[in-house]
Amino acid sequence: MVGYAFMGAAHSHAWRTAPRFFDLPLAPRMTALAGRDAERVAAAATKLGWDSVETDWRRLVERDDIDLIDICVPGNLHAEIAIAALEAGKHVLCEKPLANSVDEAEQMTAAAEAAKAKGALAMCGFSYRRTPALSLAKRLVESGALGSIRHVRAQYLQDWLTDENAPLTWRLDKSKSGSGSLGDIGAHIIDAAQWIAGANVTGVSAILETFVKERPVGGDFVGLGGHGGTDGPRGPVTVDDAAAFTARFSDGAIGVFEATRFALGRKNAMRLELNGSKASIAFDFEDMNSLWFYDSADGPNSGFRKIQATEPEHPYTGNWWPVGHGLGYEHAFTHQVVDLTNAIAAGEQPTPSFADALQVQRVLAAVEASAGDESRWTAV
């Protein structure tokens with residue numbers, strides 16, 4: 001694995017946990033962790049459960065005892081690492097968004113297609129697909145329960161940047177992150193919406209806004225943000241704080257998307273609602289074990305009913321706790337490892353593929369282009 005911060009910890013937990021709750025056809029071994037700071041990466045390896053460390057990710061690619069590279073670093077490093085790993089015959093798991101540009105994502109997708117022909121497989125880590133309630137939503141749509149999809153509403157609301165003195169982290173630097181709320185959290189709802197609806201976004205009209213133009217360059221870092229104080233030097237924020245756009249889908253549905261890290265009181269409200277010709281579904285990650293379902297066949301006096309997605313027949317849940325005991329954020333990453341390991345063992349393309357992630361990247365690019373052109377309608 002390359003990187004050991006927020007996503008590194010989540011992925012490490014998943015690699016450790018997956019074989020202890022699921023019967024996997026291959027046994028993952030956490031062989032090596034890479035990071036630039038020797039002291040810090042060594043401490044992280046001890047804490048997270050890795051056997052050895054490297055201070056240059058290229059050594060991971062060169063090592064014969066490593067079959068898979070897990071990329072958990074900022075987006076500006078994704079393309080170089082992933083392409084090198086795939087060309088060396090390694091499987092690749094890469095965090096989202098796939099890259100910082102469509103051009104990089106296209107290069108990565110081409111490398112993944114070439115590597116697949118030689119037996120090396122690549123997957124992008126849109127982990128919310130593995131939330132049991134959202135996987136159940138996908139099943140319902142595929143079964144025809146909703147009929148024709150007409151509306152898609154997607155929001156991702158957080159509030160960790162509302163403090164104007166939160167420090168200037170890499171997530172606020174376009175050269176490292178590619179974009180702000182749009183790519184960081186907007187990419188998740190774009191992927192989830194397209195995946196569940198079974199249709200791609202074909203065009204958008206968008207606005208982006210940066211509410212706080214400068215932030216402290218240092219300070220106390222807590223979680224994703226922290227507090228940088230008011231007296232020290234400040235640097236420019238070069239990404240969006242919020243994104244909003246309308247969209248059309250390839251099946252004729254229309255969509256409304258919103259991503260912000262300035263929604264006071266919303267901690268991780270990743271929300272989706274799909275309205276079809278026969279039924280509707282609604283989901284909010286802040287109540288992640290629940291899926292809400294409305295069936296028009298139930299008559300005018302009915303309403304949404306709550307499905308507690310913890311039954312053994314629901315996706316993934318049969319390998320965990322008794323009914324009703326619920327899962328958490330980290331479980332989606334474990335399910336991601338399970339699905340990836342099963343795909344590698346079967347020699348089958350894991351999903352989402354780099355091609356799937358490239359489609360998300362093209363939507364992100366269209367949103368930025370539209371926002372920069374007075375919200376003009378922009379094809380994806």
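**Note on the predicted model**

1. Strands β15 (residues 279-284) and β16 (residues 290-295) are antiparallel partners, held by four bridges. Two strands count as paired if DSSP finds at least two bridges between them. Helices (H or I, at least four residues) and strands (E, at least two) are DSSP runs, numbered from the N terminus. A hairpin of five residues connects β15 to β16. Ala 282 has Trp 292 in β16 as its bridge partner.

2. Some ground rules. The model is predicted: local features need pLDDT of at least 70, side-chain atom pairs count only at pLDDT 80 or more, and totals for chains, interfaces and linings use all residues. Residues are numbered from 1 along each chain as its sequence is written, and side-chain values use heavy atoms, with hydrogens and water left out.

3. β16 also pairs with strand β17 (residues 305-308). That pairing is antiparallel, again with four bridges. Trp 292 faces Lys 306 of β17 across it. Trp 292 is also the residue paired with Ala 282. Tyr 316, in the loop between β17 and α9, has a positive phi of about 75° although it is not a glycine.

4. A separate open sheet has three strands, in the order β3-β4-β5, with parallel pairing. β3 (68-71) and β5 (122-125) are the edge strands, each pairing on one side only. From one strand to the next the twist averages 10°. Strand β4 (residues 91-95) runs parallel to β5 and is joined to it by four bridges. Glu 95 sits opposite Gly 125 of β5. In a regular strand, side chains alternate between the two faces of the sheet.

5. Which peptide bonds are cis? One joins Lys 96 and Pro 97, with omega about -20°. Pro 97 is in the loop between β4 and α5. Another runs from Thr 351 to Pro 352, with omega near 0°. Pro 352 belongs to the loop between α9 and α10.

6. Now the helix packing. Helix α1 (residues 6-21) and helix α9 (residues 329-346) have axes that come within 8 Å and cross at roughly 60°. So α1 is oblique to α9. Axes are lines fitted to C-alpha atoms, for helices over the stretch in contact, and angles run from 0 to 180 degrees between N-to-C directions. Angles under 35 degrees count as roughly parallel, over 145 as roughly antiparallel, 65 to 115 as roughly perpendicular and the rest as oblique.

7. The crossing of α1 over α9 is right-handed. Right-handed means that the near helix is turned clockwise from the far one by less than a right angle; anticlockwise is left-handed. On the α1 side, the contact residues include Phe 6, Met 7, His 11 and Trp 15. On the α9 side they include Tyr 329, Phe 333, Val 337 and Leu 340. Contact means heavy atoms within 4.5 Å.

8. How many salt bridges are there? The count comes to 22. A salt bridge is a side-chain nitrogen of Lys or Arg within 4 Å of a carboxyl oxygen of Asp or Glu. Arg 58 and Glu 80 form one, at 3.2 Å from N to O. Arg 58 is in helix α3 (residues 57-62) and Glu 80 in helix α4 (residues 78-87), so the bridge ties together parts 22 residues apart in sequence. Arg 58 is partly exposed, at 38% relative accessible area. Glu 80 is partly exposed too, at 44%. Buried means under 20% relative accessible area, exposed over 50%, and partly exposed in between (1.4 Å probe, protein chains only).

9. Glu 106 is in helix α5 (residues 102-116) and Arg 362 in helix α10 (residues 354-371), 256 residues apart. Glu 106 is partly exposed at 34%, and Arg 362 is partly exposed at 33%. Salt bridges with shared partners also join Glu 54, Arg 59, Glu 62, Arg 63 and Asp 65 into one network.

10. Glu 62 is exposed at 52%, whereas Arg 59 is partly exposed at 35%.

11. Glu 374 has a positive phi, near 55°, and is not a glycine. The residue lies in the loop between α10 and β18 (378-379). Glu 374 is exposed, with 72% relative accessible area.
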